[in-house]
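Please look through the sequence and the model shown here, and then follow the report below, which takes up a few topics one after another.

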Amino acid sequence: MLEALEGSQAVAKAVALCRPQVIAAYPITPQTHIVENISKLVADGKLQCEFISVESEFSAASVVLGAALAGSRAYTASASQGILLMGEVLFNIAGMRVPIVMTCANRAVSSPLSIWNDQQDSMAVRDAGWIQLYCSDNQEAVDSTIQAFRIAERSELPVMVCMDGFTLTHTMEGIEIPTQQQVDAFLPPYKFSRSLVPNNPISLGTLVSPEFFSEARYSHHKALLNAEAEIVSADRDWAALTGRRCGGLLSVEGPEQSKVAILTIGSVLGTLREALRELPSGQPVKLISLRSFRPFPVDALKVACKGLDDVIVLERAFSPGSGGIVGLEVLGALSELANPPRVHNFAAGLGGRDIPLEILPKLLAVLSDPGDGRFRVIDVDLSKLPVEDR
Amino acid sequence: MTTNILISELRKNQPRFRGLESGHRACLGCGEALIARLVTEAAGPDVMVANATGCLEIFTTPWPESAWRVPWVHSLFENTGAVAAGMEAALKAQGKSTKVLAFGGDGGTFDIGFQALSGMLERGHNVLYVCFDNEAYMNTGIQRSSSTPHAAMTTTSPPGKMRMGKRHLKKDIVSIVAAHHIPYAATSSVAYPSDIRKKVRRAMAIEGPTFLQVHSPCPLGWGYEGDQSIAVARLAVQTGLFPIIELERGELASVMPLREVLPVSDYLRTQQRFRHLFVDDLRAREELEHIQALADHNIEIYNLRGVGLDAFDSEGMDTVRRGGGRWA
Ligand SMILES: Cc1ncc(C[n+]2csc(CCOP(=O)(O)OP(=O)(O)O)c2C)c(N)n1
Ligand code: SF4
Ligand SMILES: [Mg+2]
């Protein structure tokens, strides 16, 4: 049934349908509405679970880790400073290969302080060893949340479902909330192969000498690469059940004959879709929406970009002193092609800066005037800066 | 019919539960190893343990080996209270009664893990938190913690021309913990094994957060021979420097009386970490007086001085010295 729901409210409902047994969270804008909605579901008896209002995000991540190890399905949500405060635990959860689902309501990272959206937070922890799925709209946020539990539990890896703060979390949309029967059919009860149980005592998180460390890291890397199959099959099975899909590893749309593609990650897809609709005909452009950033789908990306002349990567975070994060990885992946397309890399929409429809001509201008080909922040107004910083 | 059996045979045949096996890599005479064994033995097998980073974690679990016979997880240095809380929440959700134990060093408890511990206590999780208090960061090579006693030498509180060891006082963690008004908080010492057992059993029977701070001598970090651990730990109690107390809902409930109060120098002299206090120097004499005053203060506020013979005082309580045969 289609319901008009705020993104956060919809995600809270999706989480509840997954029957989590332990939820721990700490409030931070723009994640707050998610945990408030969950708290209400618990208070109203609509969700039976242990909801732990912890004293920090560091403890939120630690509580769900303990809970998952002790045999319960566990969920948390955070953003920005909260994600960074969790940092050490995030690596730890992933290294122990514990299935946990977390929503990241993407937000800029201080300083300067900003409560608004970009994706610096989840990008900053991209090496933590979590699966990262990005949502382009709220329906995907709902469906990806449910899929995330299955992916996590089958691959024994934690999954971070990233949804743009405010743009998605605080926006009302018509959303199809699946039925409990559908979710139950898709997601079996939680089972973890390395649960702590007194009649079969095991030790987890032990000290590993150089003799075994590379192997441990390699197997973690392999597990993430192998998770591609789980991400694809979860989306396929979900589509069979509900008729809706989230694009698997990535999705491609636009005219077949296009020689140009714009690759985005997250909710900016909607803006570009609309801008392209208004574009005077002549320039066929494909849109590639990267859903899985970890694992990074090299093969799927190569297929999607084969035969293209230009790929324009638009992202909402970057690595100061280097440049684009997604752009660099796209460049690396496509370099494996025989005739790789040119990769142009832009960041925009930082700290909540609006990305208007007019971004499209600015992006496409790079085709006739590629400049030095280096990464650029597209919407900087230099006149706001002191001369020496321009 | 009588059968002759060797003590060692008898021990092997004893059907006593052991949570921590021998073969781990602790230093000879390590207090932590003995405490972990006593605590898990008293707690029994229906437990699971969250263990902070530190000596205990390191010496018990060099992959692919483990000395634990109970389900055990090490996550990080400073989140043990929270990991234990999560384990407890999960067990509650599943309707299971397995008790969660949390083990942390003084660094992981007094300092870096304090916030997670406080959160766990405040939220009332059914967890027994045991602090292995060896009064410094031993695992990283003997650096001061907020549990390090005043004037003790560590690698980050060395004595010198301008300093007499650690400048600050030992944090009164058990009072701070008790101020959360949890059902039960207590101190104990490895010199009194049956006191540890009694308190663990007591805590195990309580539904809610409980806390046990156990004084844990460390031959390497304190500077004495490994076979002296119990004697050294006893002196800390006998001098009044480490009071053995129980607090219920934040109120003092009982203390272990001192039959005979010994001067602090008897304790300090046994350890290299205090050797700079035993030179002919005005500052050293002042520090010794200061430490004696700290012990006197403990004795006064907790009313530690015993009155006559008491089976449960510092001399009467079952100890290794008296009950050696039984616990050997
Ligand atoms: C965040 C973090 N900071 C520092 C360390 C390094 N570290 C590991 S154990 C330890 C000291 C442990 O001291 P304590 O808790 O007293 O336990 P002990 O080794 O004395 O038993 C330190 C500083 C760490 N593991 N994690
Ligand atoms: S350094 Fe101290 S605490 Fe660590 S293992 Fe050795 S004796 Fe035990
Ligand atoms: Mg210590």
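## The site of ligand 1

A residue is taken to be near a molecule or strand if one of its heavy atoms lies within 4 Å of it. Of the 18 residues around ligand 1, the nearest are B:Glu32, B:Cys55, B:Gly107, B:Gly108 and B:Ala136. Because ligand 1 is surrounded by residues from chains A and B, the site is shared between chains. This is a predicted model, in which local features need pLDDT of at least 70 and side-chain atom pairs count only at pLDDT 80 or more, while totals for chains, interfaces and linings use all residues, and side-chain values use heavy atoms, with hydrogens and water left out. Residues are numbered from 1 along each chain as its sequence is written, and chains are lettered from A and ligands numbered from 1 in the order in which they are written.

Helix α5 (residues 106-111) of chain B gives the largest share of the shell around ligand 1, namely 3 residues, where helices (H or I, at least four residues) and strands (E, at least two) are DSSP runs, numbered from the N terminus. By class, this shell holds 6 nonpolar, 8 polar and 4 charged residues; here Ala, Val, Leu, Ile, Met, Phe, Trp, Tyr, Cys and Pro count as nonpolar, Asp, Glu, Lys and Arg as charged, and the others, Gly among them, as polar.

## Polar contacts of ligand 1

A polar contact is a pair of N or O atoms within 3.5 Å; within protein, one must be able to donate a hydrogen and the other to accept it, and residues adjacent in sequence count only if both atoms are side-chain atoms. A polar side-chain atom of B:Asp106 lies 3.0 Å from an oxygen atom of ligand 1, and a polar side-chain atom of B:Asn134 also lies 3.0 Å from an oxygen atom of this ligand. With B:Gly108 it is a backbone N or O atom that lies 2.8 Å from an oxygen atom of ligand 1. Taken alone, ligand 1 exposes 590 Å², and the protein buries 78% of that; such accessible areas come from the Shrake-Rupley method with a 1.4 Å probe, and for residues only the protein chains shown count as cover.

## The site of ligand 2 and B:Cys30

Which residues are found around ligand 2? They are B:Cys27, B:Cys30, B:Cys55, B:Phe59, B:Asn134, B:Cys218, B:Pro219 and B:Leu220. The elements that give two or more residues to this shell are α3 (55-60) and α9 (219-222) of chain B. The residues of the shell divide into 7 nonpolar, 1 polar and no charged.

B:Cys30 has its place in the loop between α1 (7-13) and α2 (31-43) of chain B. Its relative accessibility is 16%, so B:Cys30 counts as buried, a word that means under 20% relative accessible area, with exposed meaning over 50% and partly exposed in between (1.4 Å probe, protein chains only). Leaving aside residues up to four places away in sequence, B:Cys30 touches B:Phe59, B:Pro217 and B:Pro219, where contact means heavy atoms within 4.5 Å.

## Where chains A and B meet

The contact takes 38 residues from chain B and 35 residues from chain A. About 2,800 Å² is buried between the two chains, and carbon and sulfur atoms give 62% of this area; buried area is the accessible area (1.4 Å probe) that two parts lose on being put together, summed over both. In chain B, the residues that lose the most area to chain A are B:Trp63, B:Leu76 and B:Arg123, together 19% of what that side buries.

## A buried serine and a covered helix

A:Ser292 lies in strand β13 (residues 292-294) of chain A. Is A:Ser292 buried or exposed? With a relative accessible area of 0%, A:Ser292 is buried. Its side chain reaches the backbone oxygen of A:Pro295 at 2.6 Å.

Helix α10 (residues 229-238) of chain B is mostly covered, since 9 of its 10 residues are buried, among them B:Ser229, B:Ile230 and B:Arg234. Just after this helix, B:Gly240 takes a positive phi of about 90°.

## Backbone details in chain A

A:Thr29 and A:Pro30 are joined by a cis peptide bond, with omega about 0°, and A:Pro30 has its place in the loop between β2 (22-25) and α2 (32-43) of chain A. The peptide bond from A:Ser110 to A:Ser111 is likewise cis, with omega near 5°.
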